[in-house]
Structure formats: C-alpha cells, structure tokens
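Colleague: Let us go through the labels on this model one by one. I will ask what stands behind each.

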Amino acid sequence: RYVTAGRDGFLKVWLPNLTVHKTIDVGQHKGRWLTACCWMSKSRRLAVASSNFRIFFYESTFAGGPVTYIDHKDGTPLCLGYRESTESDGREKEILMVGDDNGFVTVYLMDDDWTSHESKLEGDSLPFKKKPIRRQYHEGWVTKVGFVYELQYMVTCGLDGEINLCDVHTNTRKGDRPPIRLHKKYGVHCWCWCGSHKFFASGGLDRQIIIWNPYTQMAINYLQGHNAPILDLQVNEAQHQLISMSVDKVIKVWDIQHYRCISTFTDKTEYKPEDKLTCMAFDEEMPGLVMCSSTLNVLPVSVKVETNRTHVAPIVGALYNDVFSQVVSGDSLGTVCVWDVRTGHLEFEFRRAHGDHKLTCMALDVSKRRLYTGAEDGEVRLWNFSSGQHLKTYTMKSPSEINGLLWAQTALASPEGPNTFVVALAWDRKIYVWPGTAKSSSGNAIEPKYVLEDVQGTGHTDDISCVVAISTVGGLLATGGDDGNVVFWKIQETSTSTASPIAAKLTDTS
C-alpha cells in the first residue's frame, strides 16, 4: 500500500491498483497543509507533519484519529527523517528528525514507552525524558532530512544551496566539517545515496544532478539534461540506475555506471487543480516509479542496461604487460582476465585461482611472462597466465592475509645469475621473501627463505599497507603504513639472523 499526505489536509491510503482505500482528515477542514509523512518501522506508526506546528502519529490500521502528537512550535515542519538506533546498553530506540521553514533540524529521541502515551486532551502532547536537540543548518527552508545507515550520517539540504553531513546523536556536523556547497547559491531540493557505488546524488534549482563523494566532498560528475528545476531523485540499485524528476513532469533514467541518460519520459496526465508532480517513490517489488500529484500514477521502469562490467566481483588488481600489450586483471573471487589493449577484447581467463579463498593482490615477474597472485590465506601462486597453468605455490608457516606482492632482485649473484625473490607483504607486519628460482616437487610448497620483521621496534607502529621495490638489483624495499611513515628494508643475504632488516625510516622534519 501507498500513503500520501496532501495540501488539502487529508491523509490517503492507496491500494496497489491505485484506488483510495482510506481517507483521514488530519487538517480537520481548517486549511492546514500536510507537509510530510514518514513510516516508523519499529513502532509501526506513521508520522505526519502539519502546517499547524504539529507532528501527528497514526497506528498502522489508521483506525480513528492520531494516537498522539508532538508540538513543534519553533517552526513549521517541512520534512521528516527516521532511523532506528541501538544504544550502548543494547536498547533499541527510534529517532525522528524534523526540518522546518527556519532552517533548523530538530532531533527527537523517542522514549522506550512512547507508544503507550495517548493524547486524549488538547495540550497533552508527547513528553520527552531527553530534551530534543535543535540546530540551525540552513538560511531558509530545509527541503530534505534523512539518515544513511551505511555512513551513519544524518543528511540535510536546503534552499540556501547547502548540504550537511551530521551526527544524529549530537545534531552537529560530522568532524566540524563545513557545509557542502557544490550547488553554490542555487537551492537544493533533494539528495539520495547510492550504496552500491558509494556516492551521493543531489539536485535542485540549477537543473543539474551532481554526483559527489561523501569522503572528499568533491564532485565526481555532473548530469545535465533537465530544462527545469529538479524536484526528486531515486535510485534503482538492482539495475544501476538513477531516476530524476523535474517540475515540468519530465522523468529521466540515468545509467550510473557510465553517467549517461538512457531514457526520458514526460507525464502527459493532466492533474487538477495544479498540473504538476510533487514527489515520487521507487517501488522495488513492481518494479515501478510511483509519481505523486493530486492522484497517483505508476511508470513501469523496465529500462535495462547491458552491463559492460569486466568482472562480477570487486577488482583487486590490474597490471599492464608492455611486452605483449596486454592488461591482466583479477577480482576477489579469483577470476583472472587477460585483455588485448589494442582491441579491448578478452583473450583468456581462468577462475578460482585460490579456490574458496579471496584473491587479494597480483604481480608480474621481470620478464612479464609469469603472474604471481596472493590470497587471504597467506598463499602465493605462480601462473602461466596465457594458459592458466598453475606452476608453483609459496606458503608461510603462520598464514596471514597478503596485501602486497612484488618481484625483487639482489646485487649478489650466483653462477646461475642474480638472485631473484618473490616478496609478499602481510597484515602481520612481516615481509616474506621466497627464492624466485626455487624448484618445488610435485605437490610441495616452497617455504620463505627470509622473513623481514621489525624486532627492534624502530619501524612502523601500525599496519603496513603497501610495498614497492626501490632498486631492481639492490634488494631494497620501501613500505608505507597506516602510521604515515615510509620505511626502507634491505634483503640482507649475508647478514646474521639477528641483524635488523630496516635500512632507514623517513621522517618529516618540516
């Protein structure tokens, strides 16, 4: 079922066939607009904001009038947001977020027993044990407030063109960050979060959709094509689509993988008394787009985009082979693909490189004819990537996930030539070194020849996140860590086992 709240003061419940099932007079024929409604899933109640400075609560059966209400006297409530919160003592609470016409957002922390309160008399509004937190974020109307569970952000936008990422518990901006002003002076009507691609999309009076990164707060792309201000945005995650609606009743469907418009619809229905759309909702079960005006209309969203994805799982590495003009890519499921860079065609692939374990990193040897892959179980495998033949296996005594892999060479040489090594960086803060020319008998794995470890505590103080070979002949490595330091390591073939492998540590003295 669908529920709508309108300017006529009526709350309407609609059946799936778009016929009205029930009508509730919230405004009581006094010309009070209903500005927003929000479903509270835990208590199974509907919150309805009214222009008479009140927020009403209705049971899911909509039998009778509101069971209780909140007096929101400091401003006209324009938009509502909701989230369920788990407190430190394990209790689950409900939080209602209210944006008003003065640019303030008020956070109401609902008490455990709030559903037992009934407002039977005028003036008997819902009491709160903890005082609601009210904070001004905008100069003018707040157009949308909501909560993104994946980021744990309360997000607001307003007609002043600003967007805020906030902590809902303290009702303050996250990390004291300034407002996001990507739309400059133009008002922002809407925003939405795309969880699969980890970005926000926002739109408003400037008639463009801005795709932006919540971590850097910088724009990723601009989607242009609307000729009127944008009113609402929705995401169709299953088909990687963004849906936008403008005030001229134009609906656009965007491919969010390639940032292009793939379909445009114009609603030809004439609505009365005002011929315009006010909002929309995406129904995933249909799937379809429910467009709202004085009545409801459904637009089936069946536009499918053929995927151009090269992998079905997250890609963990891509290597360029300048000898054969190829790109070798690998994903976490262990699928390794070999691509011709001149034609873009897939030349060869093999799968499940590490069985049920996730592939984490890759590296090529100096000849660019062999591929090394590392996995979460601490195992390194050598492949002929042109045929998918598994050649060697390198293991460690105490398995630890590998997060860096490379081929190295030292200056010392044997009669057969320079000593070559396979080097792996693991999350246990150790660097494992295997002989590159070692031969393994059938079914036997190769053990590390050296394990570089900071036993004296002069190196990294946190996880080591990356490794690179500084010299192709000197056996010198450099690592970067979460502690912000860069440390040089030396593969010391002639040193005693007690010698420190750390050659130097870079320190910023500026």
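Modeller: Start with Y108, which counts as buried because its relative accessibility is 5%. Buried means under 20% relative accessible area, exposed over 50% and partly exposed in between, with a 1.4 Å probe and protein chains only.

Colleague: What kind of model is this, and how are residues numbered?

Modeller: This is a predicted model: local features need pLDDT of at least 70, side-chain atom pairs count only at pLDDT 80 or more, and totals for chains, interfaces and linings use all residues. Numbering runs from 1 along each chain as its sequence is written, and side-chain values use heavy atoms, without hydrogens and water.

Colleague: Why is the pair of Y108 and F128 called tilted?

Modeller: Rings of Phe, Tyr and Trp (its six-membered ring) pair if their centres lie within 6.5 Å; planes under 30 degrees apart are stacked, over 60 edge-to-face, the rest tilted. The centres of Y108 and F128 are 5.2 Å apart and the planes stand at 35 degrees, so the pair is tilted. Y108 is in strand β10 (residues 104-109), whereas F128 is in the loop between β10 and β11 (133-136), 20 residues apart. Strands are DSSP runs (E, at least two residues), as helices are (H or I, at least four), numbered from the N terminus.

Colleague: What makes W191 and F200 edge-to-face?

Modeller: Their planes are 70 degrees apart, with 5.8 Å from centre to centre. Both residues are buried. W191 and F200 also belong to one aromatic cluster with W193 and W212.

Colleague: How do you know that R54 sits over the ring of Y69?

Modeller: The rule wants NZ of Lys or CZ of Arg within 6 Å of the ring centre and within 35 degrees of the ring normal. The charged end of R54 is 4.2 Å from the centre of the Y69 ring. R45 lies over the face of W114, at 5.0 Å.

Colleague: Why is F53 called partly exposed?

Modeller: Its relative accessibility is 36%, so F53 falls in the partly exposed class.

Colleague: What makes the backbone of F53 stand out?

Modeller: Most residues other than glycine have a negative phi. F53 has a positive phi of about 65 degrees and is not a glycine. F53 lies in the loop between β5 (45-50) and β6 (54-59).

Colleague: Which bond joins K272 and P273?

Modeller: A cis peptide bond, with omega about 5 degrees. P273 is in the loop between β23 (260-266) and β24 (279-283).
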